[in-house]
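This briefing sets out selected features of the structure shown below, grouped by topic. Please read it alongside the sequence and the coordinates.

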Number of protein chains: 2
Amino acid sequence: MLGEDLVDLCEEPMAEVEAIPFTPGAIFGSCRRRLKSDADFERLFQVIDAHDIGYFFYNGGNDSMETAHAVATRAAALGLPLRVIGIPKTVDNDLVGTDHCPGFGSSAKYTAIAVLETMRDLQSMAADSTQVFILESMGRHAGWLAAASALASYREPGIPHLILLPEVPFVEEKFLSAVDDTLRKHGFCTIVAAEALKGPDGQFVSTAGYGDAFGNVQLGKVGLHLERCIRSQLDRRVHTALPDYLQRSSRHIASYTDFCEAQEVGRKAVRLATEGHTDCMVSIDRVSHVPYVVRYDAVPLEMVAGKTKVLPAEFILEGDGFHVTEALRAYVAPLIRGEAPNLWMEGLPRYAHLSGRRVPCKLDAFET
Amino acid sequence: MLGEDLVDLCEEPMAEVEAIPFTPGAIFGSCRRRLKSDADFERLFQVIDAHDIGYFFYNGGNDSMETAHAVATRAAALGLPLRVIGIPKTVDNDLVGTDHCPGFGSSAKYTAIAVLETMRDLQSMAADSTQVFILESMGRHAGWLAAASALASYREPGIPHLILLPEVPFVEEKFLSAVDDTLRKHGFCTIVAAEALKGPDGQFVSTAGYGDAFGNVQLGKVGLHLERCIRSQLDRRVHTALPDYLQRSSRHIASYTDFCEAQEVGRKAVRLATEGHTDCMVSIDRVSHVPYVVRYDAVPLEMVAGKTKVLPAEFILEGDGFHVTEALRAYVAPLIRGEAPNLWMEGLPRYAHLSGRRVPCKLDAFET
């Protein structure tokens, strides 16, 4: 927006616009800039004014909702007629004010399937090769995705054997003892570890050593830390998978429920804006688990901005902290149901390609 | 076999037997023991005799074909009527005597799709977040899987930007300079790196520090080595994905061509055995690229055992060594075509579950 870098979808071929729901990534790009200086906001409203923009839809997680709220507040203070609607989207599923976030169901599905597939591979080999497999899961602040891997147990009871959640302080001896027990009982051990795992001191077990514009530390490689522990302390062969962006961009295995809901929150955002609402986020409210029924509503951005929804205690099984409850499974199960359609061509997915044309600029360039 | 641990598929429910082609991993387990002592062979032939086994089908890569050849040779020397047939199967695709190996097409498809999906994610973020993405690829001795990622370019020209093959000595300065050039030109850089990458001295760039029973060094983590290089030398934000077993066990995204061929090599093995052949491996011979036509034949195990097929020079583009030729693309393209069917239930794949029953033992236990 600050760069006056605007796309007019009405100018793009309809076949490409229609391919957007089949395409991973953010088709208009993504942004991690924290809007705070007066100069930033002044520029933003200049661009909005120059192009006669009446609606501002902002799609993302906690930080994005904070930004949207700031835009709405400043616009209102200036008496601008701008309507600002937040559209939730984060695989981390850690936004408050909504039952769940678009993106989460598909990443949860990816994670559960990854556990099922690699578990069969591991089981094949455990007699005289690798016996421990660690899958490192995304989730910057909360263990939603790691916890969702427990859905694998619907098809392979007890799998994954251990889930390491950021909500449960990590104690190495307790962990190694649980791995050892599992190996004695089952001959192999499948572990899902959240990247944001913290020790009893509240410090991350593993970080990449740098942060982003919002002060979030870049996490990662906790799986390799655990691999080293197991190899050195238990002398077992360990493999670690670090899916990284694959966990959130594997569009080919998206959940149909998620695919539909992601489009529905967009429609709801348009309806809210045209009905005159502003400074709110679309929420998904769950009416019932079985049958799975949701309705779409709005929640003030102020209630959402900058807050984090961690796993509630009722979703973590009492005891060693390495397992989740049936309540968690019942919560996630409907979100992974169904397989979203793909556009396949010659064995590869076909994605949207926009023309690269931009709306002609009306303002001078802005030094970002 | 040495443990007299035998399954009779006729005793298993037909629905489960029919689900085996939809199931990742090795349904009867896998084995990395090198048969060499006379005691091992004596035991093997005792088990074969006790259960009146006439056919021995062995499924795997180079090391497995070496084992199959040894069994056939010893059986013939002893005048046993055993017929031994090797069935090729390795995502590494490095068996000689066959155009390609079952498993490779599906892993190649996985790799190309992983590049496409993460590339869109990276492209979204590159303006002010991560700019380099590294995908680490399996391939113990040869760069087939890493090279296959070049199929992504059919949908996104020029992607991946750089492919690091074990057949091309890795020179850090040359690599960093290519990354830097790509970033200047495109604003982001997608890299696929083979785990078996070697320096000009012929040593692996990165190893996990332990080996297997065949003396193969356990590879891995080369992606993290490259990530550290780029961060420290170019000061760019880098993400690395290490799919590990996901690259070979992601059954949900198997190639239909591969799915059909894997079953066809099994049928051919049975035909060869019942026609009286022994000490041979089923081969897939390519008759033509377009249309894609193959025929199934047999090749003596002696010609296959212990040999490795690396990428031929005509598949590596002359120049910097970071790209492959159209000939490589034409070779791999038909192998990833089509999507193999899955059995889905409630958003998760359904796999075969055998009963766990075993054929009753007739011999004393064997100390393995």
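This is a predicted model: local features need pLDDT of at least 70, side-chain atom pairs count only at pLDDT 80 or more; totals for chains, interfaces and linings use all residues.

**Backbone features and overview**

Asn93(B) counts as buried, at 0% relative accessibility. This residue, which is not a glycine, has a positive phi of about 60°, and its place is in the loop between β2 and α4 of chain B.

- Most residues other than glycine have a negative phi, and most peptide bonds are trans.
- Asp235(B) sits in the loop between α7 (222-234) and β8 (238-241) of chain B and is exposed, with a relative accessible area of 69%.
- In chain A, Ile159(A) and Pro160(A) are joined by a cis peptide bond with omega of about -5°; Pro160(A) belongs to the loop between α5 (144-148) and β4 (162-164) of that chain.
- In chain B, a cis peptide bond with omega of about -5° links Val290(B) to Pro291(B), and Pro291(B) lies in the loop between β9 and β10.

**Symmetry and interface**

- Chain A is superposed on chain B by a rotation of 180° with 0.0 Å of shift along its axis, at an RMSD of 0.0 Å.
- The two copies are therefore related as by a two-fold rotation axis.
- Leu242(A) is the residue of chain A that comes closest to the rotation axis, its C-alpha being at 2.4 Å.
- Glu117(A), Arg155(A) and Tyr245(A) supply 12% of the area that chain A buries against chain B, more than any other three residues.
- The copies meet through the same surface, because 100% of the interface residues of chain A are also interface residues in chain B.

**Nonpolar core**

- In soluble globular proteins, nonpolar side chains tend to be buried together.
- Here the largest nonpolar core has 96 residues, and those with the most contacts inside it include Phe104(A), Leu165(A), Leu328(A), Phe104(B) and Leu165(B).
- Beyond its neighbours up to four places away in sequence, Leu328(A) touches Trp144(A), Ala147(A), Ala148(A), Leu311(A) and Phe315(A).

- Helix α4 (residues 104-125) of chain A has 22 residues and reaches 31 Å from its first C-alpha to its last, close to the 32 Å expected at 1.5 Å a residue.
- α4(A) is mostly covered, with 21 of its 22 residues buried.
- Helix α9 (residues 256-274) of chain B, with 19 residues, should span 27 Å at 1.5 Å a residue, which agrees with the 28 Å between its end C-alpha atoms.
- Among the buried residues of α9(B) are Asp258(B), Phe259(B), Val265(B) and Leu272(B); what covers the buried residues includes β1 (55-60), β2 (83-88), α4 (104-125), β9 (280-288) and β10 (293-300) of chain B.
- Ser255(B) caps the N-terminal end of α9(B), with a side-chain oxygen 3.2 Å from the backbone nitrogen of Thr257(B).
- Gly276(B), whose phi is positive and near 100°, follows α9(B).
- Ser106(B), in helix α4 of chain B, counts as buried at 14% relative accessibility.
- The side chain of Ser106(B) makes a polar contact with the side chain of Asp258(B) at 2.6 Å.

**Selected residues**

- Arg350(A) is found in the segment after β12 (348-349) of chain A and is buried, with a relative accessible area of 18%.
- The side chain of Arg350(A) makes a polar contact with that of Glu16(A) at 3.0 Å.
- Neighbours within four places in sequence aside, the contacts of Arg350(A) include Ala15(A), Leu343(A) and Met345(A), as well as Arg155(B).
- Cys189(B), in strand β5 (residues 189-194) of chain B, is buried, with a relative accessible area of 0%.
- Residues up to four places away in sequence not counted, Cys189(B) touches, among others, Leu122(B), Phe133(B), His161(B) and Val179(B).
- Ser37(B) occupies the loop between α1 (14-19) and α2 (38-50) of chain B and is partly exposed, with a relative accessible area of 32%.

Key. Residues are numbered from 1 along each chain as its sequence is written. Chains are lettered from A and ligands numbered from 1 in the order in which they are written. Side-chain values use heavy atoms; hydrogens and water are left out. Copies are superposed by least squares on the C-alpha atoms of residues with pLDDT of at least 70 in both. Contact means heavy atoms within 4.5 Å. A nonpolar core is a set of buried Ala, Val, Leu, Ile, Met, Phe, Trp, Tyr and Cys residues joined through side-chain atoms within 4.5 Å. Buried means under 20% relative accessible area, exposed over 50%, partly exposed in between (1.4 Å probe, protein chains only). Helices (H or I, at least four residues) and strands (E, at least two) are DSSP runs, numbered from the N terminus. The expected span of a helix is 1.5 Å times one less than its number of residues. A polar contact is a pair of N or O atoms within 3.5 Å; within protein, one must be able to donate a hydrogen and the other to accept it, and residues adjacent in sequence count only if both atoms are side-chain atoms. Buried area is the accessible area (1.4 Å probe) that two parts lose on being put together, summed over both.
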